[in-house]
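Reader: I have a model open and would like to learn how to read its features one by one. Could you walk me through them?

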Amino acid sequence: MTATADAPATTSPDATNEPVTNEDDPDGDGDGAATPEGTFYDRFPAEARIVRATFLGAFLAFAIGTTFGIIQTLHRTGIARPFSSVDYYTFLTAHGVFLVLSFTIFFLVGVFTWALVRSLDRPLVNTRFSWAWYGLMAVGMTLTGITILAGFTSAVDLSADVLFTFYAPLQAHPLFYGGLAVFLVGTWLAGLDWWRTYLAWRRENPDERIPLQTFMVLTTTIMWYVATSALAISVLFFLLPWSLGLIETVNPTLTRTLFWFFGHPVVYFWLMPAYLLWYTVLPSIAGGRLFSDPLARVVFVLFLLLSTPVGIHHQYLDPGIAEGFKFVSMTNTMFLLLPSLLTAFTVVASVEYGARVRGGTGLFGWLRTLPWRDPAFTGMMLAGLMFAAGGYSGMVNAGMNINYLIHNTIWVPGHFHLTVGTAVALTFMAATYWLWPQITNKPIYSKQIGLAQVVLWFAGMALMSNAMHAQGLLGAPRRTAEPEYAGFEYGTAFGGFQELNVQIAIGGTILFASAVLFLSNVVLTMGNSRTDGLAETISEPISGPEDAPLVLDNIRLWGGIAVLLVLLAYALPIVAIIQRGGLFGPGGEAFPMVLDALSILVDQTPDAIALLADRTVDALGGGRLGGWP
């Protein structure tokens with residue numbers, strides 16, 4: 001589509017002295033940027049309505065989830081308890097499902113639809129099909145949400161207090177699982193919609209490189225299909241029949257493993273739209289250009305390959321999985337640091353380029369020239385900073401030995417509130433201030449309110465997450481309404497456990513205030529009149545797709561390798577779980593186990609060493625060392 005750059009236009013040698021266009025100044029007006037061709041709403045009004053609907057669905061889930069979040073925060077810390085501790089788990093389930101499934105994925109499908117259509121510069125193949133997958137997602141999440149919320153009353157026989165991690169032995173009403181299945185099918189059809197639109201574009205442009213945003217959408221969709229395959233098996237073949245009474249028992253270790261097969265890559269499924277925005281939108285807001293298109297493609301390929309074969313690192317303390325498999329998962333997890341570090345380098349380099357185009361100088365002086373008053377820019381930058389902190393705590397989670405220290409403590413929610421709760425959520429909120437005018441032709445009601453909102457979210461999360469990490473190191477458990485036990489004291493280096501509780505409560509309250517500001521700003525923006533002049537451009541990369549090896553665009557190849565890696569990582573563990581605990585239960589032995597293959601190896605090692613020694617002696621005695629067969 002359009003592009004921006006930084007080089008000035010050259011002038012014509014004739015008497016009129018009119019500007020001559022070049023690749024760094026597409027419209028020849030001397031400002032280094034292309035003239036906006038209209039907003040997304042102007043160019044693709046039907047698709048804009050779909051994107052707007054997905055965003056509104058996300059914002060509704062965000063409102064519900066954050067409301068339950070502040071209630072559980074105040075309850076757990078003992079600040080205010082208007083509800084019983086029994087209802088706490090209903091709040092906790094609703095908080096998790098509405099935020100980490102509904103809010104994130106509804107926003108994601110909107111961002112991906114916008115990015116695909118914008119980068120391909122063509123409409124979707126059939127918007128009726130698009131509305132169909134949106135409807136399935138909405139119906140599915142509504143059914144699941146109703147089942148959760150019905151847990152607050154005994155008037156109806158519905159409940160689903162199974163938390164976000166809805167594996168056995170906790171059991172929900174069948175409507176909960178049925179709603180999840182419908183929602184999941186909706187997301188699959190959304191991916192199909194993007195793929196068939198891409199294939200239609202490919203037929204029209206057989207020799208073109210895949211546009212970067214489209215490449216990001218397609219690789220992430222493959223990741224989603226691979227990851228959700230295990231979730232579909234768990235829900236449709238085990239949890240749903242179990243809740244319907246069609247089978248009496250399930251294997252808890254198996255359903256837990258299938259969940260985490262999905263549960264870790266889903267984190268990257270949430271992150272990928274944030275990465276897309278960091279790579280393509282953030283540099284443009286900063287006045288610069290993406291540093292490297294090829295490097296961005298490499299990052300998304302690495303996430304496709306590495307994000308799924310690592311879920312067992314969530315199960316380090318599960319007794320039914322061999323220690324060898326856990327070690328392999330830990331090793332694979334450490335490789336995920338590479339695409340994250342590449343992202344940090346590329347995004348910062350792109351932003352710095354923009355700052356220096358703006359006139360920034362010095363080792364750090366260029367930071368002052370960035371558009372910090374823009375809530376979209378500031379929000380995304382703060383989200384990236386918080387994601388770096390989340391990466392450090394994530395390395396603790398990933399290590400087998402130090403994971404034992406914080407496993408199932410409140411450290412873990414502290415970690416994913418940095419990643420999903422800030423890197424993803426804050427990026428989505430900040431991006432709304434940039435995207436909403438593009439899909440509605442309505443200016444943001446107040447960028448000042450938006451700026452205050454993103455800063456408050458960052459501050460609130462810093463307070464809350466810091467205290468969660470500190471309490472986790474003290475052993476405070478997660479997933480409980482009563483974190484303190486009678487006769488037990490948590491020793492702290494300074495202050496006390498209650499002071500950390502107050503810090504969590506203050507941070508949670510600030511977060512809720514930020515959420516109210518965000519939603520209010522969006523609602524007030526919806527009341528604005530449509531206007532012209534809101535179009536924004538996305539700059540072309542410094543190093544473009546022509547510099548990327550063609551093999552990077554072979555998504556079929558990378559998808560095949562991803563499936564192969566998953567089979568290598570999960571085939572043996574799942575077979576072992578079924579052998580020891582049965583396909584439908586009752587479960588594995590309650591002690592750490594090792595691979596049978598390793599046991600055989602250990603048993604045979606003495607004999608192998610003895611044989612090797614005998615052959616060596618024979619070789620030395622016969623003078624045949626160099627020619628030993």
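Reader: Where does Leu524 lie?

Author: Helices (H or I, at least four residues) and strands (E, at least two) are DSSP runs, numbered from the N terminus. Leu524 belongs to helix H17, residues 497-526. This is a predicted model, in which local features need pLDDT of at least 70 and side-chain atom pairs count only at pLDDT 80 or more, while totals for chains, interfaces and linings use all residues. Residues are numbered from 1 along each chain as its sequence is written, and side-chain values use heavy atoms, with hydrogens and water left out.

Reader: At what angle do H6 and H18 pack?

Author: Axes are lines fitted to C-alpha atoms, for helices over the stretch in contact, and angles run from 0 to 180 degrees between N-to-C directions. H6 (residues 212-244) and H18 (residues 555-581) pack at about 25 degrees, with axes 10 Å apart. That makes H6 roughly parallel to H18; angles under 35 degrees count as roughly parallel, over 145 as roughly antiparallel, 65 to 115 as roughly perpendicular and the rest as oblique. On the H6 side, the contact is made by Phe215, Leu218, Thr219, Ile222 and Val226, and on the H18 side by Ile555, Gly559, Val563 and Val566. By class, the contact of H6 with H18 has 7 nonpolar, 2 polar and no charged residues. Here Ala, Val, Leu, Ile, Met, Phe, Trp, Tyr, Cys and Pro count as nonpolar, Asp, Glu, Lys and Arg as charged, and the others, Gly among them, as polar.

Reader: How do the axes of H10 and H12 cross?

Author: The axes of H10 (residues 293-306) and H12 (residues 337-357) come within 9 Å and cross at roughly 155 degrees. H10 and H12 are therefore roughly antiparallel to each other. Leu295, Val299, Leu302 and Phe303 in H10 meet residues of H12 including Leu338, Pro339 and Phe345.

Reader: Which backbone details deserve a look?

Author: Pro169 lies in the loop between helix H4 (127-149) and helix H5 (174-204). Next, Asn441 has a positive phi, near 60 degrees, in a residue other than glycine. Asn441 is found in the loop between helix H15 (411-440) and helix H16 (447-473), and is buried, with a relative accessible area of 5%.

Reader: Over which residues does pLDDT stay under 50?

Author: pLDDT is the predictor's confidence in each residue, from 0 to 100. Where pLDDT is low, the predicted coordinates should not be read in detail. Here pLDDT stays under 50 over residues 1-35 and over residues 622-629. The mean pLDDT of the protein chain is 85, and 85% of its residues reach 70 or more.

Technical notes
Contact means heavy atoms within 4.5 Å. Buried means under 20% relative accessible area, exposed over 50%, partly exposed in between (1.4 Å probe, protein chains only).
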